[in-house]
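Open the model in your viewer and keep the selection panel at hand. Each stop below gives a selection and what to look for there.

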Amino acid sequence: MLKYVLRLLLAVAAAVPSLNPALARYPDRPVTIVVPYTPGGTVDLLARLLGRELSQFSGQQVIIDNRPGAGGSIGAEYVAKASSDGYTLLMSTNSPLTTNLALYRTLHYDTLRDFVPIVLTGENGLVVVANPAVPVNSFSDLIALARKEPGVLSAGTSGNGTTAHIALAQINKRAGLQITHVPYNGGVPSLTAAMSGEVQITLTDIVPALPLIRDRRLKVLATTSERRPQVAPEIPTIAESGYPGFNIVAWNGLLAPKGVPAEVVQLLNAQINRILETPNLRKQIISMGIDPLGGTAEAFTSLLKEDIPRWKAMVIDAGAKLE
């Protein structure tokens with residue numbers, strides 16, 4: 001893989017000067033990566049790691065600019081309207097680019113029209129965790145209990161319209177259940193509610209849940225991803241538990257405003273792929289609960305085209321509405 005990346009870098013370097021001499025010096029000033037979420041979250045930490053490595057390669061500072069709000073839409077809109085010179089980029093999850101299209105009546109950007117995908121950086125599933133007092137030890141146990149007592153179990157999530165809410169709705173649909181959705185203002189309040197018994201189960205990101213699972217303050221039942229998480233491969237998938245094809249993940253990736261030079265996209269794509277394949281950096285990313293991906297810009301574009309209608313259908317299934 002490393003030899004492939006090096007060959008790609010050489011090809012890009014050879015092509016850039018012949019097309020635009022200015023691009024041969026890219027970047028010749030600081031690059032800003034906009035993160036549409038608050039500092040300290042998974043995407044923010046990943047953006048800072050990638051930014052640090054890109055800065056070392058280019059010799060130019062990479063600035064992380066947090067612009068949270070409206071489920072990530074504020075930061076996404078800012079980048080959509082930015083200059084297409086390659087110096088303002090977006091590090092985003094799928095929510096602002098897919099789910100929000102179905103949740104918000106008015107968005108001042110269009111994912112496929114206003115952005116150029118650069119590279120898919122990673123993905124992470126959620127974990128289904130239960131209060132220790134709930135008499136279940138597996139996802140199959142949970143299904144059996146929910147069927148035995150319809151409408152009694154409740155599940156916390158990080159909010160209406162979130163990936164966790166969509167995943168819960170899909171579990172209810174696939175298994176024919178009536179688990180009540182209880183939205184909270186973020187993942188931490190949702191975890192707290194599960195530990196206190198305010199709700200019986202919670203769907204949440206794996207990293208904040210892992211210490212609680214290992215301290216036996218919560219029981220883990222399954223992950224919503226079709227693959228077991230690399231940070232905790234002992235956790236089974238919902239697909240393994242009798243629901244083949246079940247796969248609800250939050251992916252993240254790097255994008256630029258429409259019109260960014262193709263040579264810049266190629267250069268950044270090659271560099272991010274190199275970072276994702278570097279063993280010690282890959283280990284750091286996995287420790288964040290993210291399974292590193294990488295790949296071509298074209299593959300990322302195809303994923304967006306597939307995911308926009310898929311997530312819209314799941315939002316409708318969930319009955320997700322923003323107050």
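Select strand β4 (residues 115-130) together with β7: the two run antiparallel and are joined by five bridges. This is a predicted model.

β5 pairs with β7 in the parallel sense, over two bridges. Show Gly156 here; its bridge partner in β7 is Thr202.

Stay on β7 (residues 201-205) and colour by accessibility. Is this strand mostly covered or open? Four of the five residues of β7 are buried, so each is under 20% relative accessible area.

**The largest pocket**

The largest pocket holds about 1100 Å³ of space. It is lined by 42 residues, and the closest to its centre are Tyr37, Ser158, Thr162, Gly187 and Asp205.

Which elements give two or more residues to the lining? They are α2 (42-58), α4, β4, α7 (163-175), α8 (187-196), β7 and β9 (249-257). Strands β4 and β7 from the opening stop are therefore both on this list. Helix α2 gives the largest share of the lining, four residues.

Colour the lining by class. You will find 17 nonpolar, 23 polar and two charged residues.

**Helix α4**

Move on to α4 (residues 95-103), one of the elements of the pocket lining. Seven of the nine residues in this helix are buried, so the rest of the structure largely encloses α4. To see the buried set, select Ser95, Pro96, Leu97, Thr98, Thr99, Asn100 and Leu103.

Go to the loop between α1 (2-19) and β1 (31-35), where Pro27 sits. The peptide bond joining Tyr26 and Pro27 is cis, with omega about -10 degrees.

Then select Ala70, in the loop between β2 (62-66) and α3 (73-80). Ala70 is not a glycine, yet its phi is positive, about 55 degrees. Its relative accessibility is 36%, so Ala70 counts as partly exposed.

Last, select Arg216, in the loop between α9 (206-214) and β8 (219-223). Arg216 also has a positive phi without being a glycine, at about 60 degrees. Is its side exposed or buried? At 74% relative accessibility, Arg216 counts as exposed, because the cut-off for exposed is over 50%.

Definitions and conventions. Residues are numbered from 1 along each chain as its sequence is written. This is a predicted model: local features need pLDDT of at least 70, side-chain atom pairs count only at pLDDT 80 or more; totals for chains, interfaces and linings use all residues. Side-chain values use heavy atoms; hydrogens and water are left out. Buried means under 20% relative accessible area, exposed over 50%, partly exposed in between (1.4 Å probe, protein chains only). Two strands pair if DSSP finds at least two bridges between them. On a 1 Å grid over the protein atoms alone, a cavity is a set of points where a 1.4 Å probe fits but cannot get out, and a pocket is an open set with protein on both sides within 12 Å along at least five of seven lines; lining residues have an atom within 4 Å of a point. Grid points are joined across faces, edges and corners, and a volume is the space filled by probe spheres set on the points. Ala, Val, Leu, Ile, Met, Phe, Trp, Tyr, Cys and Pro count as nonpolar, Asp, Glu, Lys and Arg as charged, and the others, Gly among them, as polar.
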